[in-house]
Amino acid sequence: MDKAQLIAIIWNTIAAFFTISVFSFMYKDNFMYKIAESIVVGISAGYFTVLLVWTSLRPKFWEPIVNDHNYWYLIPGLLGLLMYFRFSPTLGWLARYPLALYIGIGSGIAIPLQLQTFVLTQVKATILPIHVMVDNRINPEGINNFLIVVFVITALIYFFFSLDHKGIVGRSATFGIWIIMIGFGASFGYTVMARVSLLIGRIQFLMSDWLPIVK
Amino acid sequence: MSGHSHVRNGLPVILIAGWVCLACAIRAQEPSPGALPPAIQTMIDTTAPIAEPVVLRIAPPALLAAVDAPNDAGKAIDLSWTVSPDDRVDGGVTAYRVYRSKEEGNGFVRIAELAAGTVAYSDRVQQEDSAEEEAPPPDAAAPAVPTADESHPFEIGVPYYYRVAAVDTTGYEAFSATAGPVRSIPQWYHSGKTPVLVLVLVFFVLVVVLIQMAKIRGADMYIRPIAGISEIDNAIGRATEMGRPILYVMGLGAPEEIATIASYTILARVARKTAEYRTNLLVPCNEPIVMTIAQETVKNAYMEAGHPDLYSDNMVFFVTSMQFAYVAAVNGLMLRERTATNCYFGKFYAESLLLSEAGNIAGSIQVAGTDEVAQLPFFVTTCDYTLIGEELYAASAYLGRDPLLLGALKAQDYIKAIVMLVIFLGVILISFGNEIILNLVTVNL
């Protein structure tokens, strides 16, 4: 066994230890899980701190000011510094200004974008011909389009909060929530398959990479 | 005599030779049938390949038009032309070459070579990152193979002249007329996004009007009961009876995301209740700024409830930004603190099932709400109550009965009614071949 193989075995054993430690949570909370949890939380917090310094603080603040002499960047830098005033009992109110700016600008960007992508694009995709003729014969595509339109409208009625769900509105809303649940069921099944494949991946690692049981 | 006869005999030969020389000299001054006119030759960059002797004549492209690209940051000029009459299967055109100059008569440099059949080209600022490219060329379907000359980059605001040449197999270039000058100008308004502007304005007006109405009518404005919302209060009461803490998870969304903003409002309501009932509240955060805003929200709620002394910064704490490390920590917290009620409101991704399944195993009452459609099935299957999509936004209005929130919720209902009407009319019209509604809602990016 050469050095590289030995190193691979050591690292695979460490990885296998953490995989089994996390899996042990399925039995109950235990000491091994706590060790794995503490290490992954600590390492990830440290990793993201370093990542933020190198991907955000340096390229977006330090380098534009120091290298490019673009002093406009001092303004967001100052607003960022105001965030730290929240540790001061007397000047803590200063921290609200950058937060207000951040939320305000974020909402301003998000609202038109949401209306564009989740309203107009969806409306456009729903405006479909329900009467499709091909070679003077009714095409089944028209039936599909009709179903899409009905499902969208009934699902929208379910999310209508100003009217009580009674009578025709109630029946439409009930039909709408059934359609939504059918959609959820399909999505659930699809994702479960993806999660099972993740589990298979970890078991393959344990059985094949770590313990050469399965070749 | 003999000398004279020699002269007499040689004169015709001299005359013929002189005529031939004169004809050759005159011919040398004239352009050859295949050569370009001198005026055009001066417009062509000397670095461009020199045309080979002409074998086949082709006609140039016509109707060259150059216009500033609309709805952009002044980074492009759009060219269009009609193809050469010789641009056909059995014709002689093999490509089109686009030339650009800052002067009308000369200094033209080749900026692109395009496949035969191409009728448009967009001369634009070269993108450093192709992913940041704003829009495709006007005729994206055309077999365009731009070979822009990087030594002559496009400059914003500079007036340019353009010519397009049809090229044949020998390299002969038949030039179109010059188009220009055209200057690229950044636009303040993106006319393709007018439907978005109209919708935002309609929504804005509706929100303002309905907020005023809500202020006048107060809590009389009707909102239908939503099962999951009323259960939040019951769940808080249950935690108080059991003497165990309440866990409030805000998801992994950014602070400015709408689901996260809705979550702040619900958190304020939950925090007011926990302050009134003196129940312990735990809010582990995945994002530092979300944590800061959540701390302010909870602090305000405790002050409004008249119990600022019960508030502690340790209630709202940062765990880590890494998704699954965050899940590991929160799952451990659920089991060790034995939380009686778990609330999940905000933006959730793959961690939704991992969190809610752990809470389900721990026997906690769970109420969730998210607008992330892919995660809703997991909350529906593992939680006691789930707020689906917009119910999350409605929750804050329903709980608070605040005129601001009530008015906004009513405005959303009106927008939904308008959307349903537009869909209905659009479907009817398009079924009869009329696309007027479809065009009205189309956003041209």
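Mentor: A salt bridge here is a side-chain nitrogen of Lys or Arg within 4 Å of a carboxyl oxygen of Asp or Glu. The model is a predicted one, and by that rule it holds 17 salt bridges over all chains. One of them pairs the side chains of B:Lys416 and B:Glu390, at 2.8 Å from N to O; since B:Lys416 lies in helix 11 of chain B and B:Glu390 in helix 10 of chain B, the pair ties together parts that are 26 residues apart in sequence. B:Lys416 counts as buried at 6% relative accessibility, and B:Glu390 counts as buried at 15%.

Turning to the contact between the chains, 55 residues come from chain A and 65 residues from chain B, and the two bury about 5,600 Å² between them, 73% of it on carbon and sulfur atoms. The rule for polar contacts finds 18 residue pairs across this interface, both residues being at pLDDT 80 or more. On the side of chain A that touches chain B, helix 2, helix 4, helix 5 and helix 6 of chain A each supply at least two residues, and helix 4 of chain A gives the largest share, 17 residues. The residues of that side divide into 36 nonpolar, 11 polar and eight charged.

Three salt bridges are counted between chain A and chain B. Among them is the pair A:Asp29 and B:Arg336, whose side chains meet at 2.8 Å, N to O. The side chains of A:Arg96 and B:Glu296 also meet in a salt bridge, at 3.1 Å, N to O; A:Arg96 lies in helix 4 of chain A and B:Glu296 in helix 6 of chain B, so this pair joins two chains. A:Arg96 counts as partly exposed at 41% relative accessibility, whereas B:Glu296 counts as buried at 13%.

Helix 6 of chain B, residues 288-304, has 17 residues and reaches 24 Å from its first C-alpha to its last, close to the 24 Å expected at 1.5 Å a residue. Its buried residues, including B:Ile293, B:Glu296 and B:Tyr302, pack against helix 4 of chain A together with strand 9, helix 5, strand 10 and strand 11 of chain B. At the start of helix 6 of chain B, a side-chain oxygen of B:Glu287 reaches to within 2.9 Å of the backbone nitrogen of B:Ile289, and the helix is followed by B:Gly306, whose phi is positive, near 80 degrees.

Conventions. Residues are numbered from 1 along each chain as its sequence is written. Chains are lettered from A and ligands numbered from 1 in the order in which they are written. This is a predicted model: local features need pLDDT of at least 70, side-chain atom pairs count only at pLDDT 80 or more; totals for chains, interfaces and linings use all residues. Side-chain values use heavy atoms; hydrogens and water are left out. Contact means heavy atoms within 4.5 Å. Buried area is the accessible area (1.4 Å probe) that two parts lose on being put together, summed over both. A polar contact is a pair of N or O atoms within 3.5 Å; within protein, one must be able to donate a hydrogen and the other to accept it, and residues adjacent in sequence count only if both atoms are side-chain atoms. Helices (H or I, at least four residues) and strands (E, at least two) are DSSP runs, numbered from the N terminus. Ala, Val, Leu, Ile, Met, Phe, Trp, Tyr, Cys and Pro count as nonpolar, Asp, Glu, Lys and Arg as charged, and the others, Gly among them, as polar. The expected span of a helix is 1.5 Å times one less than its number of residues. Buried means under 20% relative accessible area, exposed over 50%, partly exposed in between (1.4 Å probe, protein chains only).
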